[in-house]
Each structure stands twice: as C-alpha cells, then as structure tokens.
Amino acid sequence: MKIADLHTLLAQWEHPDKEFRSAPFWGWNAFLDRENLEFQIGEMKKEGMGGFFVHSREGLETPYLSGEWMDALALCVDKASEEDLEVWIYDEDKWPSGSAGGMVSRRNPDQYAAKGLTLEILPPEILPCKEAGSLGLSGEEAAVDGKILGIYDNVVEGMVLVLRMERSGASEWYNGYAPTDNLNPQAVSEFMQMTHGRYKQRFGAEFGKRIKGFFTDEPNCCDFFSVFTKGRPWLVWTEDFPRVFEEKRGYSPMEYLPYLFIEGKESSRIRHDYWRTVTELFSESYMKQLYQWCDENSLSMTGHVLYENDLGYNIRVCGAAMPLYRFMHCPGIDILGEQTREYLTVKQCTSVANQYGRTMVLSETYGCTGWEFTFEGQKWLGDWQFVMGVTRRCQHLAQYSITGCRKRDYPPVFNYQTTWWEHNHLMETYFARLSACVTTGEVVRHVLVVHPITSLWTMCKSSPEEDLDHIEMNMGWLDSHITDLNRLGEEYNRLANMLLGAHWDFDFGDEIILGENASVDNKMLRVGIRRYDTVVVPGVLSLFKTTVDLLEEFVKAGGRLIWVGAFPRMIEGRPGCLAEHVFGNAPIFRCTSFEELLGVLEQVQPREVRVEKKEGGEDTQILTMLRKTEDGYLVFAVNHDREGEHPVTFSLSVRGKVEVLDLWTGEKWEKEVERSGAGMAFVDTFRPALSRIYLIHTKEAPKEGKQAFPYRHPHYTDPVFAALGPEAAFSRTAPNVLTLDRCRYCLDHGEWSDEMEVWQAQRRIREQLNMQQVYYNGAPQRYMWINDPCKTDGTAFALRFEFSVEALPETVCYGVIEKPEGYLVTCNGMGCELADGYFMDRDMKKIRLNGLKTGKNILEITGKYSRKVELEDSYIIGDFGVNPQRAITAEPERIHFGDWCFQGYYHYAGSMVYHFDLPGKMKDSKRIILHLGQYRGTLAGILVNGKKAGYLMGKCYRDLDITDHLEEKENHLDIEVVGSPRNMFGPFHQAYTGCTRISWKDFRTEGMYHCSGYVLEPYGLMEQITLYEV
C-alpha cells in the first residue's frame, strides 16, 4: 500500500492498516495441533501483527507438504481471514530455498543435485599411465570420482591439472539428500512443481486474495552443505554451463578453466566472464522462474539472497545480489544479530526497489539477538534499516513450540512463549506508523554510486589451497582469498556509511541493471523510474563497456560525474584503458579517496537536508530520509547513537509548516522554525536512539521563532517533586524459577552416571541406544525419522536432579517438564502428579511437587526412552527466592536497586514491579515529570494509582509526564521492569561472549569455550528515580 500525501498519512496514524504491520516467520516446528494453531493466530492479532509467514522449521513432526500440512494451512487461512491477517508462505523445509527438503535431488540425483567444478593437481608421472579424458578410470569409478572436463599440463610447470564436474554428496541438513543445482532450470522447475505447484493444487483460488505470496530464503547456487571430494577446491558448475557461457560470452570457457583457480594472464578475463555468467544464469534459472510464476498466479514474491553484505561470499554463492532483486515483487534482506554494520546489505536492496518502483521492502530481522533482546534494541536496529528504505519487518522467529532444540533456534521468539509478549503491540504500533511514513510519497535521492561487484569478479577464484570444509558457523568460509575480497567490499560498506552520515542519500547502480534499464535523460541519469543528478564511480578495477558508454553519454549531456581513484585498467576483465581515454580530458570531477569525495560533493551537490552539530559540521550519527509527497515533504531522522544525546540544527531547502510526530507515543505538535535563505531551520535534541518524523506542509506557513540550542547550567539541579530509591516494596508478575540444567542418568536400571549437563546426558543416552542425536540444531527433520522403528525404543531411563532448599516455601511449588506424558516424577521419593496449566509453552507442563524439604532434594524422572524423546532442562517454579548458589531461599521483603538476579531471582523470567508512594500534587503545581534512571530490562511500564501512564524504553524514552494521573491526596506509583526468558533458558556457560550472533552452539559449550559458572544478564532498576517539576 502506498500513500501519496500527508493528509492520508495522518489518517493512518492512530491505527495503521495490516499492510504496514509486521509479519513474522511463524516457525512450524512440532506436531501441528488445530487448537494451538488457532490460539497462536489469535495471539498475533491481539499483539498487533499484520500477518505471518508459514515457515517449516527445525523440529517439525507433521510431514512437510503432506496432506496434514495442507490441512493445517487451510485452517490457518480461514482463521487469519477471520482475524484480518495476511498469510504468506515460506517456500522451503528449513532453509535455504530450492531443495524441497532434499526431495528435488532425491527425484533425479544425476540431473538435479548440485554440481561443482573441482581441481586436482597431480605430478606429471601420473599422466602417461592414465587415459586422457578418463584418467584410466572404469565407468563406475568415473561416476563416483566425477566427470573429467579437461586435463591441463601447460598451466603449472611440472604439474598436471585435472578439472572435473562432480555431483554433490548427501548432507544431513537436507534430510540426508544433496542440495539442488539451482543453475539448472529443470531442477528449479522440479522444485516449483513440488512446492508451489502443490500449494496451487490446494489453494489456487486463494492466491492473491487470502494468500499474499511466497518467501524464498537464501537461494544460492553454491551451497555450504555441498559435499565434494575432500581436498579438491571447487566452484559452482552445472552440466549446461559451457554451452550457456559460450552463448553469452562468445567463446568457449574450457581452455581457460584452470585460471579460475590458478593465476595467469587470462585469470581476470575468465573470472569476470565466469561470474557474470553465473549471475545471469542463476537470475534466469531460479529467480526469474519463481518471479514469473508468482506474477502469473497473482502472488507477490519476496525473500532475500545469501550473504548480501560480504562481497567475497556473495560472489561465491550467487554472483551478485543486486540483479537478483529485479525478480522480487517485494525485495528483502536478512539482518542477523544486534549490529548495524551492514550498510551494503540494506542499500543494495533498497536501491533496486527504488529503481523498480517496489513499495514493500521486507527485512527478516532480529534473528540471533538472543532471549535478552530489548524493545530499544528492536527500535534501534529497525530504525537504522527503515531510514535506508526498508518498509516492513519480518521478525525471526515466532516459534510454534520452544520445546527441545527449538528454544535454541536462533532466539529470541516473538510469540506467546516469551515473558514480554503482552507488550508486543507497542512495538507493532511503532513500526506500523513508521512503515506508513516511509511509504508516503517518493524518496529523494540525487546521487548514484556505481556498484563495484564486477571489479571483484576479476579477482574471485577458488585457490588450490582452499579448504571449503573450514567453515566458521557465524561467519562462513575462512579461506583468506575469500575473506580478502570481503575486506575489499568492506571499503564500499564504509563509503555507504560515510555518505549517509554526511546526509547525501544515494542509490547503488548495478552494472547489469544499468546495461538493461538505464538511459540519459537531459542532464540526468535515469535508472528504471528514478533519475540522478550525480554519478559516483568509487575506485573500481573494471567496468562493463556498456557502463563506460552510458557514462560518456551522461557527461556529454552535461551530467555530473565524480571519479574516485585511478581510471580502471580493465574493461570486462580484459586489459584496456578505455575509461581513461574517454574521461581523461572530460569535464568530470576527480578525487583520490572517499574522504575527498565528501569535499567534492559539498561543492557540487547541494543537500536538501542538513543536520549540523552545535560545534558545526554534519552530525554523522543523525541519519535521515527525505520523501516528497503531493502536498509537501516528510523527513525521517534517527539518532543512531545509543549512548549519546545530540542537539542539532536541521536546515531544509524548502519552507512550510513543520509538524512533529512521535512514533512511540503517538503525539503530534507543531515546531517553530526560523528563515534560512530560501528555506528554513530549526533546532531539536535527539536523546540516544531517538527518532522523529517531521512533516513539512509546504502549502501552509510555518510558525516562526528564534532558534537556539538549549542551555543548561553546569551545576543545574532539577526542581525535585520526589526522589525515590534505593529500595522498594515489590511484586513479581510470574512465579520465580530455578533452572535445573545438571543431572545424573541411568539406563535400563543400571548404575547412575556422574553429574553432567542435561544435554550431555541426552547425547550419551542416544549414543548408547544408537539413535539420531538431538542435542544440536541441524539434524534431519524429525518427521523423516521419529516414527521409524528402533530396536532400543522402550529402554528404561531415569534422570536425577539434585537441588538445595534453605527455606521451605509456604505455597505449592511445581516442576516444569517438557512433554512429561508417560513419565513418573518423584520428589524425594514421593510421587508428583500432573497439574493444570503450563509454564511458558503449552508443552511445558506443570507437575505438583510433593515432599519438598529443607536441605538436599532429589527430583527424579523415569520413563521409557524412544526416538521421539527430547530430554531438556527441568525447572522448579513457585513463590521462593533463589540465591547465587542456586538454592531455594525465602524471598526478600524489599528489593534494592541493582541486579535482581543476586537478590533472590537468579533465573527469574518475568517482570518485577517496584512500588512507591508519592505525595499529593498541589492544585496549582507545575507539570510533574518522572525521570527513570538507568535500568536493565526489556521495557519499563509506568502505572500511577493503578492506571497505565505510559512506557519507557532504553535511554531514548526516560521521561514521562504523569501530572494528569496524580491526585491531590497521596499517590501510588508502580514501575514495572519487564524481564525476559534469558536467565531461565540461557546460554549459561559461555566462556566467550563476544559474538553478536547467538546460535545453538552458545548453549552447548565445551572445552575452552565452557565455564562451569552461570553467565547471566542483569535486570532491575539500577539508579535512583526523580520526579521533577517543569
């Protein structure tokens, strides 16, 4: 949905439509139950979401694409329609897309399994005893060893190079089958028939109506999980590649293939042409096929490609990202972890979206940020993406279940199982308002930066020393020649950051797109539907000839071209000085560095929005987006600094009434401005991570007033109404928790083991019973094997947990055990019965604990082990304290400001409400502002006299006007610090915590990465609270 004017935007402000609201990945990851599905859809609606992506996820027990799967989807389509929510379909079993959970390669391994071009280097004496073309192998041996494409004895002196086409072996990730050859259009067509075609059979009548489209996730043509002969470096290949290459490039690649691995005079040319062909073939075989099918079926295609930001990796897995976005109705990205370093990821995608007029730009976001991820983190990370052109969030993940390994599937979870869920609607409203704003009018970008990917093509190889088995889980391949290309690409990421910080918004121009969809329009360069005043060529090594021709025409028409660095010495990977010949004496601007580029832009490209610090100069921490509407302009401004406050002056080239919108509170007010040349200026102060929307109504006169930075005396003291702390009465919103993550086990009534972590016990049990392991994430999907017979099914097992009680709780305590049906649970030898209700997840059942005593206690779980069993940590919940020695104690009567973990709430997952009494307000008193000092939590809610007064978040919202909630008599103030499941679920035993991405391995540490103590996140009010008068 696109909004044309500010008036229509304001009509959406209070209650934005579902199209502006998030649609999370809804991870279907267990046996799908009708009641639970309907319940969770109702929860999504209640908490403000606009729809969901049905996503097969690890742990699934209902067979993927089966009749039962389709029945579950039909139910959800009906329920979503009832709730007015959008339904989207994720097109794969887990990820990446293209394999249908391994079914594609299983159907025809020879044709459809992924292929690799592999290199073997042999000593020369081996050649005489091997037949050329077969190396003397029998037909059967040759099939196993790959098809020989060429033998080369004139490339490396004294050595023979053997190049083969190998077919990938099987991978556990693909349910025991091989990844798909996504350069083969027939293989991709098979994937679509198995997946999209099956959905069409059942739901074709709903396409474009109640079902909106498909998400394709991380499609690539060079998969990490491909398995080729160990020790042989490899590149992506397909059977038809030589023909396609010759058709596109005009010559056969076969003579030059060694130079994809070996340095030589032909290396740059063949590498450039190889990667160009890979990019075009993958675009046509995979992306275009899916896009056209969706188009023909009234559906939207969205998703994202693999490794958007690291250009070395990106080349290896798909050739280039930007041309692929042409074939998405709603281009998308993936931002993992709580970090904002990937400017390339966002700008590559939003540039193509802008040039092709795509209104919706989706971000799969927040994955791997951990259970402790805060609302301020959501805002900070989301604002950064939206100011560059993202328009909709797809949260990673809303899990159907968090039992077993599912709770470690790259948390957090955006569903009912998380303890802050009842507040989720606040964040949904924030981003729905923002989405409406950044789809109003058209974005204003005058600068085009030629993307450098084709230069990196000339250097991208597979080294003879390459070890593609050397993969780091969070970063990928670690071979230096790939990571060196990543480092080169990082320079362009730095350039994107610099331009945005200096307030020159821009688009990237991909050379394939420029070649097919760009032209000179008067003195401007048109790409798709957008036009640019200034083009920057940012220190490239090679260009397409069509790009040089286009830029030459642009300069001759009077266009503004800025060249950074030397002219390239290659055209399409071939030696040549065409660029220098064409532009050496042309009226263009030259500079030697990105820093100098900013100076040139200062001279030649006027800004429409300036944001200057008090000390002068552009404030690079304030990022902005300018949009032109039918009745004015909109400015979205973000303080990207999470720690510092930024007082700034905004200068705009236009004039009009300035209306300020607060996305969090929903408030609106008019801003005074002063004249500045033909435009206007105003001062504003941005607290850490704060963002603002400014509406410029150009048809209305502004309110004028002298602008000055606020002054505060160095020794200023607030006019205090009340000061609170450092302790308070308090109450919990949930039972307290003791996590039991260590146990002993026995099998078949044998001896008890030594004590160990629960996951280690499960690993040993499954080793002894010869069963598929489940302690890690990445195993074949459960529906593939849990119902297969196993001769050790039914083996008796027992787990024994020991814990201490220093003070016996006065109320009933419960054990919480995942899927306890069929187990016998005892506490100190007394039987414990299943109670009503659940804790956290519907399959985490409550067990009434009988027989608790002071001192040492033993909780035992016994039952029959089977392939379906997933043994997890157990929990004790109730009204008690837990000290740092993890013993159950009495709860404190009052809580001190500081970390509540060490005051009796070591594993507590809920919120803590601090209670205070306030004096009555005077009849003629000024406004009373509550200032919340530092706190640690997901969010802070404020209640005055039992009524909600508002919510505070991070450092950007620390102050709240509570005047209208106060009475003249004594008042009662409650401050709720919202917790999270982090200290209940972990990870606990990380010796190293420096990575921004949380994965299952963080919960399963061993060796040097393991510590025996518990690593916790602090929670609670950390500073005094002040109420002051203004």
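Where is P412 found? P412 sits in the loop between β13 (398-399) and α15 (424-437), with helices (H or I, at least four residues) and strands (E, at least two) taken as DSSP runs numbered from the N terminus. The structure is a predicted model, in which local features need pLDDT of at least 70 and side-chain atom pairs count only at pLDDT 80 or more, while totals for chains, interfaces and linings use all residues. Residues are numbered from 1 along each chain as its sequence is written, and side-chain values use heavy atoms, with hydrogens and water left out.

The average pLDDT (the predictor's confidence in each residue, from 0 to 100) of the protein is 95, and 97% of the residues score at least 70. Over residues 128-143, pLDDT stays under 50; for this stretch the model has 16 contacts (heavy atoms within 4.5 Å) beyond four places in sequence.

The domain assignment, whose bounds come from an automatic or database source, gives domain 1 (15-127 + 143-341 + 360-375 + 389-437), domain 2 (447-604), domain 3 (609-711), domain 4 (722-729 + 893-1029) and domain 5 (736-889). Taken over C-alpha atoms, the centres of domain 3 and domain 5 are separated by 57 Å.

Two open sheets can be followed next, where two strands pair if DSSP finds at least two bridges between them. Five bridges link β5 with β6 (residues 160-167) in the antiparallel sense, and I151 has V162 of β6 as its bridge partner.

The other sheet has three strands in the order β10-β11-β12, and the pairing is parallel. Here β10 (332-335) and β12 (392-395) form the edges, each pairing on one side only. Strand β11 (residues 362-365) runs parallel to β12 and is joined to it by four bridges; T365 is partnered by Q395 in β12.

Strand β40 (residues 742-747) has antiparallel pairings with β41 and β42. Two bridges join β40 to β41 (residues 756-757), with C743 opposite M756. Four bridges connect β40 and β42 (residues 795-805), where Y745 stands opposite L799.

Among the helices, α7 (residues 185-194) and α8 (residues 196-203) have axes that come within 3 Å and cross at roughly 30 degrees. The helix α7 is therefore roughly parallel to α8, a class for angles under 35 degrees, with those over 145 roughly antiparallel, 65 to 115 roughly perpendicular and the rest oblique. F191, M192, Q193 and M194 of α7 meet H196, G197 and R198 of α8 in this contact. These residues divide into three nonpolar, three polar and one charged, where Ala, Val, Leu, Ile, Met, Phe, Trp, Tyr, Cys and Pro count as nonpolar, Asp, Glu, Lys and Arg as charged, and the others, Gly among them, as polar.

Backbone geometry brings the account back to the loops. P412 is joined to P411 by a cis peptide bond, with omega about 25 degrees. The peptide bond from G725 to P726 is also cis, with omega near 10 degrees, and P726 lies in the loop between β37 (720-724) and β38 (727-732). K94, although not a glycine, has a positive phi of about 65 degrees; this residue is found in the loop between β3 (86-93) and α4 (103-107).

How values were computed: Axes are lines fitted to C-alpha atoms, for helices over the stretch in contact, and angles run from 0 to 180 degrees between N-to-C directions.
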